[in-house]
Structure formats: C-alpha cells, structure tokens
Amino acid sequence: MSAPDAGGVILDRRIVANEWLNLADDATLPAAGKVIVSLKRFRAERAGLDASGLAVGVRIPNTEDVSALTLELSSQPLLAVEIPKFADGRAYSQARVLRERCAYRGEIRAQGEVLRDQLLHMSRCGINAFELRADQDAQDCLRAFSDHSLVYQQAADGAETVWQMRRRQAAAAR
Amino acid sequence: MYRYDELDQRLVGERVAQFRDQTRRFLAGQLSEDEFRSLRLRNGLYLQRFAPMLRVAVPYGLLSAPQLRMLGHIARTYDKGYGHVTTRQNIQFNWPKLEQVPDILADLATVQMHAIQTSGNCIRNITADHLAGVAADELLDPRPYCELTRQWATFHPEFNWLPRKFKIAFSSSTLDRSATKVHDIGVHLVRNAAGELGYTIYVGGGLGRMPMIAHQVRAFLPELDLISYLEAILRVYNRHGRRDNIHRARVKVLVKSLGAAKFTEQVEAEWAQLKDSDLRLQPQDIENIRARFDRHSYLEAAAADDGSYVAHLAADARFAAWAKRNLRVHRQPGYAAVFVSLKASGIAPGDVTHQQFDAVADLAERYSFGEVRATHDQNLVLAEVAKKDIYAVWRRLSELNLATPNIGLLTDLICCPGLDFCSLANAGSIGVAQDIFDRFEDLDYQHDIGELKIKMSGCMNGCGHHSVGHIGILGVDKHGEEWYQVTLGGSAENDATLGDRTGPSIARADIAGAVEKLIEVYLEQREDADESFLATYRRVGMAPFKQRLYGGAEALAEDEAAA
C-alpha cells in the first residue's frame, strides 16, 4: 500500500480529514506529522522512529498473529489492518484480538478495499477508522452503521446482545 | 416450531430493508457486479443459467404450515409455480426476478423466514436430523442447540468473509441421519461417563471435488461451551484457511494440511482464551430458546391408535406397501413419522408445486401439529401423525402424487438441479434420474433390492452428495458431451465413507443401464435379502461390479489417464 487514496476517511462514525501519511518502506520520513509505516519498517527503524517526534502508526500484514505483537505495539497510537480485497476477512479477526485480548485502545484503521457494506461488521470487530476506497460516498457510508439495530453475538463493540437482552428481560419478569 | 421473539423479527426485517437498498444501489449502477454478487449471495440469490435462483433458509429443516403456504404463494406469484427442496434442507426457487427479490424477502419475513447466509463464504444454514424430537434413538432434541447456533452465526461480524462456505450439522441420535461427518463441523450431542450433557465435535468433512471425512477434534465439550468452541474453530479457519485457491479453501484442506492433531492444538489454544469469556453460555440462554419451541400435547396411545390403522393395513394392500416404506417409528406410542415422497416418476427429485405446498400445509395443520420437515434426501416429513389418521393422510398424499412408496429405495435418489438449471453443471442430472426411474419402475423389484441410496451431482461441486452415495453418479464434461463417473460404497451415516470409482466414465445413453448391471451383480452376490447393497459391496469388493460394467475391456486407458 502506498499513498492514501482520494477517498474519504471515517473516524468514530464521523467524516474527517486524513491526518495520516501512508509511508512506503523506502520513502523518507517527513519532518513532522503522523505517519503509518509497515511492521517491517517499524521493526527495522524502531529507535529512529521513536526519536523522530512523529506520531507513528503501524501497518500490520493480515497474516500476522496479532496476539504476539501486544507488547511491541501497544503504545502506538494507530494500527492499520489490511483489506486487500473486500472478501478477505482476516483483518476482522485481527481487530477483535487486538481489542478484546490485547486491550488495544488506539485507532484501528482499515485500509484497502474498504466499502460501505462491510463497515458495520468491521466496526463491530473493533475497527474504528476507515480509509474508504476512492469511489465510495462517505456520507452514504455513514448510513451503513445503522443497517442493524440489534446483534446476536458479543464482539469488540461491547453492544448488548440479543441473548443478554433476553437474560435482562427474564430477570425483570421474575 | 421455534417462534421468533420481537428481537428475532426485527433483525430479519432490518435485513430485508438492507437488501432492498443494496438491490436498489446495484440497479442504479452504484454497486459493481462483483460487489453486489457477494452481497446477494449472502442472501441466497444466485444468477443462474436462465434466471436468478433464490435459496430460502429452512433452519434445521423445520417448517410451519403458514410457512409452507407462503412458499406456495411465492411459487405462484414470483415463480413458475413450484419450488425445490435442496440437499441441505432449504427451499430454492428457480425463476424469481431480481427486482422482485426484496418483495419476496419481505413476504418471507411475515412468516419468520429469510434467505440469510444461504450462500456465500460464510456460515450457512444449520442442519439437523429430519426426525429430531421424534426419533426413538435420540438422546435429546438437538434443535434448540441448532437455533442457538443459527443465532450466533447470523450476521456474525467476524465470520462473514471466510475463505469459503462453512456448513454445520447436528446429530443427537444413534444413527447419524444428518451426514455430520461430511460437514465442515459436525456436532453430536452426547452424555459423558458422568452423565453430563455435551458434544463431540468433528471438523473438516466435506464433499465437492476433494471429498473428506471429518476428524474428531474433541470427544467431549461441555454443554455451555458450544458457542465459544465454535468461535475458536471459525477464528482459526478465518485466519489460516487458504484464500489463494478456491478449490483449496475449505476448512477440510486446512485440517488436512496441518494434520488433525496440529489443527486441534490450534483450536484448543484459541479456545483457552475464549472459554471463560462472555461467549460461555448461561443455562438460561438455552432455556430461553427451548421455551420458544412449541410443545406438542400427544394423545394417549389408545386414543392415537384406535385399531383402524392395522385394519386398513390388512384391507388395503397399496396402503400396506406404502406404510412399509414411508413410515418411521415415533418415540411416542401411537404415533408415526410419515414421509412425503418428492420422488414421483416424471418429477425432478425434490420439486414441490404450489398446490402441494398448500395441501401439505393443510395436512400438517390437521394431523401433525402444524409442522413439516424437509430432509437432506429431498423429501418432506409429517413427523407426528397419530396412527388413527395415517390412512386419511395417505389417501390425500396419493391424490397429490406425494405417496410413491419408495423412501430409502433405489428411486428415492437425490440429485442436484444439474445442467437444466445450474450454471456450474457439466451434465444433466434430472434426466438421468428419470431414466433410472423408468428402468426400475417396478416397485416389487425395488423392494427386493431394498435400502439403496443413489446420489447424483451434475459437477464436481457435489451438491447431490455423489461421493457418499451407495451408488454415486457424477456428471463430467468430455469434449462437450455429458458423461458420468460412477462410485460405489459411499455412506454419509455413522460409518461415513467415500465411494470408490468403478473405472472410466460412462456415456449418457448407458448410465441407467450401468446402474441396472450394478444391481444385477448385487442381487447375485448378496448372501440373503437382508444383506444390503452397501454391505454386499463392502464384503465382495469392486471386482465383480467392475467386471460387469466394463466386461474386462478396460482398454479405455486414456480416460483413466485423463482423470
């Protein structure tokens, strides 16, 4: 992944300006600002990046076992997960493990083929920032978050599940 | 019947609205073909050879009378007057128009039905024994556990973009009637030595071009750990299943390449992290579901069976012949399960007309607590009929052409839609089914042959489960002609095995004749009338069958080489 698309960015269900620069592995560091580097580069240049004064996000390959990365990445403000094709669901598992197991609280950003009809599930898995593919209408994309008002299963969003509602209803009826 | 609560209903309603909007955006050019394809498949909508095909979910095969009437209404209003029972207990319509599908879904939602996740690379319809809740050999009714699993799988945010489709089947009886060992996950309800309820979990079975029997990954999983364990399996699969080759993407390939032991280790490691999370069920979660299933108040045995049934058996030989084949034991004294055969001559196996939907709904309401089941053998079952009513049910079924006395026999064959409907097929299957029907029309002959499962698929994808047929027939394309490979000795039951290929494929014109030859060999070789085709094959092996089919003239080496 190279320079950011012209597509919009949604952060916490709001359309925002993209403050982050996606940096290729051979690109020089800017003097200031926020950059996203690959995990490989992050590992190779960790000391320099830490000392650079830049805000540094890390792009994680979707084949990576993120539970092993907790210590290494927990203090970075942003982790980017890859959606190379919209039908590739590996990042969904990574995001949940980052949120639910590693208790990562920074921004998790989806990059790649990020499309309207996948946003709700991504957000349920703990992805809270979306670099939309260039052709996506950001305003229309916001509507995707309200496609469903109920969920059956527990996930990273902490939404009360249908089963929990039933437990509550049963308790109230007692 | 499981009755939706307001929450279930709201979710289905929201899905209709969501799909209506997706269809609108597609028709307005805002969604590409490729993107809409993935979305519509997750709602059971295929674009087929001639028209779209809509697959409606029938969770664990259970249907209510109002649902059947709705299926009849859809067949009449949006289709050409009939629907089709699939090998995974669902119902397909072959002729709806894309623009009308949102309306069909809205109609379905009014009777608590939907098409959610009936296709696409996600968790599909949960299937179960078609005799669940009534079988004499059952530990307990698996359907509340199926329903829990259905709800967990519905719109699961993490598992909607799996490497490939994912199928889960449940069994709770001595005899596995749901082919669990050829599913991605097979769940068997069991009690351990201490008498505690739980599950034995199998993973990695499947049909298609690389058929495999599932491996046991856990001998005993406690009752409340079902969902956390399923989640662990799915997460391992979602992360590690292959995505580079569609033909290597099922979980069975992952299990095979890692080895069952290593796969199990990964699942257990993931589960160790999940088992004490919120995914652990509470007893009341199961009770909440169980309480939403109808309870049936049975008649006393003497009232359910007033003696007229036996009298009719004695007086009416046609009724007796049907009863012998198409009834199964019900655990409640005085009741029986009545099979509604969808395998009449001249009818594509599994087809149901709109009049039949309506009439079977009437029968269900009058005689079987308003419920019907769809079977993976593509029949229907009125599972709870009092013996005093069976004769009346039979008479009505006969009028409807739904009383062919062939359940479990040779002409009760299962087959996919084949080249007549499906864009994937290499060869026709419905026509071959008819040829076999014509050749074995004599029912006495079929009865003499006894229990025999012929399963036929029009291509390697194996929707007709040919790999586990006692006789399996697979359509292949050879230089633009329809040919058929034959396998023997497959089974999807407890002793699950994959069939062995007989040899070179057989031409369309000769395939029914080939089946006849196989039957001749069986009849000559069997020790007595109680030895089934499958048992005989397992005892005598391939040689005599092969000899009869090819007459030793196995010079078709190029065909073998090509395969």
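Predicted model: local features only at pLDDT ≥ 70, side-chain atom pairs only at ≥ 80, totals over all residues.
## Where the chains meet

Two residues are in contact when their C-beta atoms, placed from the backbone, lie within 7 Å. By that rule, 28 residues of chain A are in contact with 31 residues of chain B. On the chain B side, at least two residues each come from helix 1 (6-27), helix 2 (33-41), helix 5 (143-153), helix 6 (226-240) and helix 9 (283-290). Helix 1 of chain B gives the most, with 6 residues. Helices here are DSSP runs of H or I with at least four residues, strands are E runs of at least two, and both are numbered from the N terminus.

Residues are numbered from 1 along each chain as its sequence is written, and chains are lettered from A and ligands numbered from 1 in the order in which they are written.

Chain A has a mean pLDDT (the predictor's confidence in each residue, from 0 to 100) of 94, with 97% of its residues at 70 or more.

## A look at Asn90(B)

Asn90(B) sits in the loop between strand 4 (82-85) and strand 5 (91-93) of chain B. Leaving out residues up to four places away in sequence, Asn90(B) touches Arg55(B), Val56(B), Ala57(B), Val58(B), Thr118(B) and Asn125(B).
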